[in-house]
Amino acid sequence: MSKAALNPNAFTAFKISSINKLNYNTSIFRFKLEEGQTAGLSVASCLLTMIPAQKEGDNIVIRPYTPITHESTTGHMDLLIKTYPTGVMSKHIFNLSVGDELLIKGPITKLKYEPNMRKEIGMIAGGTGITPMLQVINKITENSDDHTKVNMLFANTTEEDILLKDHLDSIQREYPGKLKVHYVLSKPPQGWTGETGYVNADMIKKYLPSSSLGEDAMVFVCGPPGMMNAMSGPKNSPTDQGELSGILKELGYVKENVFKF
C-alpha cells in the first residue's frame, strides 16, 4: 500500500478528476490519488486549501474543508463545496475544471472519534456543516461493534438545499437503529412533512439526547456563523472551543458534552 496522499506539513497539488454538480451552488470535486492510495484521513478531520499569491502584494488565501470520502477509500478524495458570492476560495475552486490542480494540506484532526465513546450523539448541522457529521456517521454505522445512536437535525433553506439527502436516507434505511435524520426547512415547499423554521429548543428537546444523560451523550454542532451563535456560541479558534452559550446551554448541556466543528 502506498503512503497516504495528504501531507500535514506541506501543501501538495491535487488534480481534479471529476466535478459532480449537486444543485445550483454546490458540487462535489473529486481529486485523483494514486491507485491503491488513501487520502490519510482520520475521523473527524479536515484539510486546508490554498491559493498562492498571484503577484507581489497579494495575500495567500487558505480555507479549511472537510472531505466526505470514507477514510478507507483509495484512488480519490471528494470535497463537497458550496460557492458563496463573497467566498474567495469557493469561487476559485468553482472556476477550476477537470484536469486543473488545487493545493491541499492535511489532515488536521478535529475530534478523535472512538467507538462507543458516548451512548447517544446528537448532531445539529446547517448546509455544508453536514460534512464532518458524515465522517462520524460513516464511522459509526460501518462498525457492528459500535452501538452509538445518532439523531441529527439537518437545517437548510429549501428542499433543493438539502445536500446528500439520498445518501443520508439510504444510511437511515440500512441502519435504522443507529441513525435518524430530522430535516428542518426555513422555506418548505407545499406538502412538506418535516420540521419548519429554524432549529429551536423544542426541536432539540424532541429529537436530540437529553442533557440529563450527562457523560452518556454528546452534541456536535456545525453550520454557518448565525446558526453556531444561536445553538452553542462560536469557537474562539480551530483549537479553542470557547465557552458554551446559546440554546444548548439554556437546555442544560455543558461545555464538555458539546463539540463545535
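How much area is buried between domain 1 and domain 2, and what percentage of it do carbon and sulfur atoms give? The area is about 1,400 Å², and carbon and sulfur atoms give 58% of it. The legends below describe a predicted model, in which local features need pLDDT of at least 70, side-chain atom pairs count only at pLDDT 80 or more, and totals for chains, interfaces and linings use all residues. Residues are numbered from 1 along each chain as its sequence is written, and side-chain values use heavy atoms, with hydrogens and water left out.

View 1. The protein chain is divided into domain 1 (12-109) and domain 2 (120-260), with bounds that come from an automatic or database domain assignment. Taken over C-alpha atoms, the domain centres are 24 Å apart. In domain 1, 17 residues are in contact with 14 residues of domain 2; contact means heavy atoms within 4.5 Å. Buried area is the accessible area (1.4 Å probe) that two parts lose on being put together, summed over both. The rule finds 1 salt bridge across this interface, where a salt bridge is a side-chain nitrogen of Lys or Arg within 4 Å of a carboxyl oxygen of Asp or Glu.

**View 2. The salt bridge of lysine 139 and glutamate 71.** The two side chains meet at 2.5 Å, N to O.

**View 3. The annotated span 9-114.** UniProt, in an unreviewed entry, lists residues 9-114 as "domain: FAD-binding FR-type". UniProt positions are given in the numbering used here, feature names are shortened, and annotations may be inferred rather than shown by experiment. The span is 7% helix and 42% strand, and its end C-alpha atoms lie 25 Å apart. Helices (H or I, at least four residues) and strands (E, at least two) are DSSP runs, numbered from the N terminus.

**View 4. The ring pair of phenylalanine 29 and phenylalanine 94.** Rings of Phe, Tyr and Trp (its six-membered ring) pair if their centres lie within 6.5 Å; planes under 30 degrees apart count as stacked, over 60 as edge-to-face and the rest as tilted. The count comes to 5 aromatic pairs by this rule. In one of them, the ring centres of phenylalanine 29 and phenylalanine 94 are 5.3 Å apart and the planes are at 75 degrees, so the pair is edge-to-face. Phenylalanine 29 lies in strand 2 (residues 26-32) and phenylalanine 94 in helix 1 (residues 88-94), so the pair ties together parts 65 residues apart in sequence. Phenylalanine 29 is buried, at a relative accessible area of 1%, whereas phenylalanine 94 is partly exposed, at 27%. Buried means under 20% relative accessible area, exposed over 50%, and partly exposed in between (1.4 Å probe, protein chains only).

**View 5. The cis peptide bonds.** Most peptide bonds are trans. Valine 43 and alanine 44 are joined by a cis bond with omega about 0 degrees, and alanine 44 is found in the loop between strand 2 and strand 3 (45-51). The bond from glycine 106 to proline 107 is cis, with omega near -5 degrees; proline 107 lies in strand 6 (residues 101-109).

**View 6. Asparagine 116 and its positive phi.** Asparagine 116 is not a glycine, yet has a positive phi of about 60 degrees. This asparagine 116 is placed in the loop between strand 6 and strand 7 (120-126) and counts as partly exposed at 38% relative accessibility.
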